Amino acid sequence: MNNYQCVVRLNKPSTVTSVAYTHNTRGTLLNNEEALGRKPLHVLEKIRENLERLNDKMEVMIELQKHGRKDIQPFSDTPLDVMTLLSMPDHLRKTAMTICRCGRATAEEISEQTTRARAVESAYLNQLVIMGYLKKERKGRKAYFYADRESQV
Amino acid sequence: MSKIIAVHSYKGGTGKTLLSVNLAATFAKQGKNVCLFDLDFRAPSLFAILKVENAECYLNDYLNGTCDINKVLIDLSSKIPGGGKFFVGLANPSTEAIRDMSAKDRKWEMRALGRLLSLRNALLTDKGFDYIIFDTSPGLQYSSINAIVTADLVVVATTGDRSDVDGTRRMLRELYNLFEKKTGLVINKVLDAASKTKRDEMDEKARTVYQVPMLGLVPCFCEILRAEGSFIFVRDKPDHPFTKILYEMTRKIEANQIN
């Protein structure tokens, strides 16, 4: 199975719902929450968050492979100003320009503006994070991206 | 729809400020609420054309993060009687301020871009302005490129001067295209603009040389030169052909005919 197939599988809701139920000794299907109390739900949430993080990382790896790592210089100390935007490859510039306009957005919101797939935008946004131009913050299940202009003094 | 408009050019003296002021005034005359900003920090001029002596705060201060945008805005709605709101934000014309703005580093410019981008929410969404117009410095100045990135539409003023034609063409290809900006071309100071042959020639030039839509063709009017920037042309000369050209430009922008 290649990386891309892995990403698709992790996104399938059935992967999560399948672990939300279990069988008792008589073969009756029980909800995990009923069977094990509330605590395991938090564990499952944590697993889901970790899987999403893993998903993000794999998307970045796919992009790195696709572009042969040529255009990714990790942790640049140059600011995300207009000259940096001009020097970026076209596919990253589009994403960076959109996040500049939006201020703070999820990959889903950026993909609505650029009309590219969410997974593609997620990969580009993560590349920009690796390059040090954007910051990423998780709130529950959503990952928000933004250019932290004020702290880059 | 284009709500933020940057007026830019490759060379100086192409009529950017004349276009910016009259474009803003034409929108205001039609009842639109307009904010006009002087982003030409190296050669500020709106204060002189609009006869504003002292501003509480300048756009320089807002971009420096030392004051709120509301303190920069000056209400000049009384200059356009019966129209919409007409506010301006001036660049500081003092020599010290010009020198200070010329010495800004890349990180400052990055924060300035963030502050310009935040004007969309602060003025269009929260304060109900219909249009923001940036009068920029010519060429590839940081402040101008920041304005271009912020804008929805860039109005490029050019003339028939050979060096201007070549530079403008390169700027369109190497700057605007990279930012995927909607661009409208205004060819200014055109001689013999009344003849159909000349107009066709200019249309062909916009299509083939610049490869952008034509927003307006402005003949070389002696009356504009005689006015010496001492009054708002579209307000004081409502029947002049220049005023009609400006109305046609605003109609095209409103109708979203520039793509």
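**View 1. Ile74(B) faces strand S4 of chain B.** Ile74(B) stands opposite Val88(B) in S4(B). Two bridges join strand S3 (residues 74–75) of chain B to S4(B), and the two run antiparallel. Strands (E, at least two residues) and helices (H or I, at least four) are DSSP runs, numbered from the N terminus. Two strands pair if DSSP finds at least two bridges between them. This is a predicted model, in which local features need pLDDT of at least 70, side-chain atom pairs count only at pLDDT 80 or more, and totals for chains, interfaces and linings use all residues. Residues are numbered from 1 along each chain as its sequence is written, and chains are lettered from A and ligands numbered from 1 in the order in which they are written.

**View 2. Strand S4 of chain B is covered on both faces.** Phe86(B) and Val88(B) lie on one side, Phe87(B) and Gly89(B) on the other. All four are buried (20 or more other C-beta atoms within 10 Å of the residue's own, with C-beta atoms placed from the backbone). Strand S2 (residues 34–39) of chain B runs parallel to S4(B), joined by four bridges. Phe37(B) stands opposite Gly89(B).

**View 3. Chain B meets chain A.** The contact takes 14 residues from chain B and 16 from chain A (C-beta atoms, placed from the backbone, within 7 Å). On the chain B side, helix H6 (106–117) and helix H8 (142–150) each supply at least two residues. H6(B) gives the most, with eight.

**View 4. Three strands of chain A form an open sheet.** The order is S3-S5-S4, with antiparallel pairing. Strands S3 (104–105) and S4 (135–139) of chain A are the edges. Five bridges link S4(A) to S5(A) (residues 142–146). Arg138(A) has Ala143(A) in S5(A) as its bridge partner.

Conventions: A residue is buried if 20 or more other C-beta atoms lie within 10 Å of its own, exposed if 12 or fewer, and partly exposed in between; C-beta atoms are placed from the backbone. Two residues are in contact if their C-beta atoms, placed from the backbone, lie within 7 Å.
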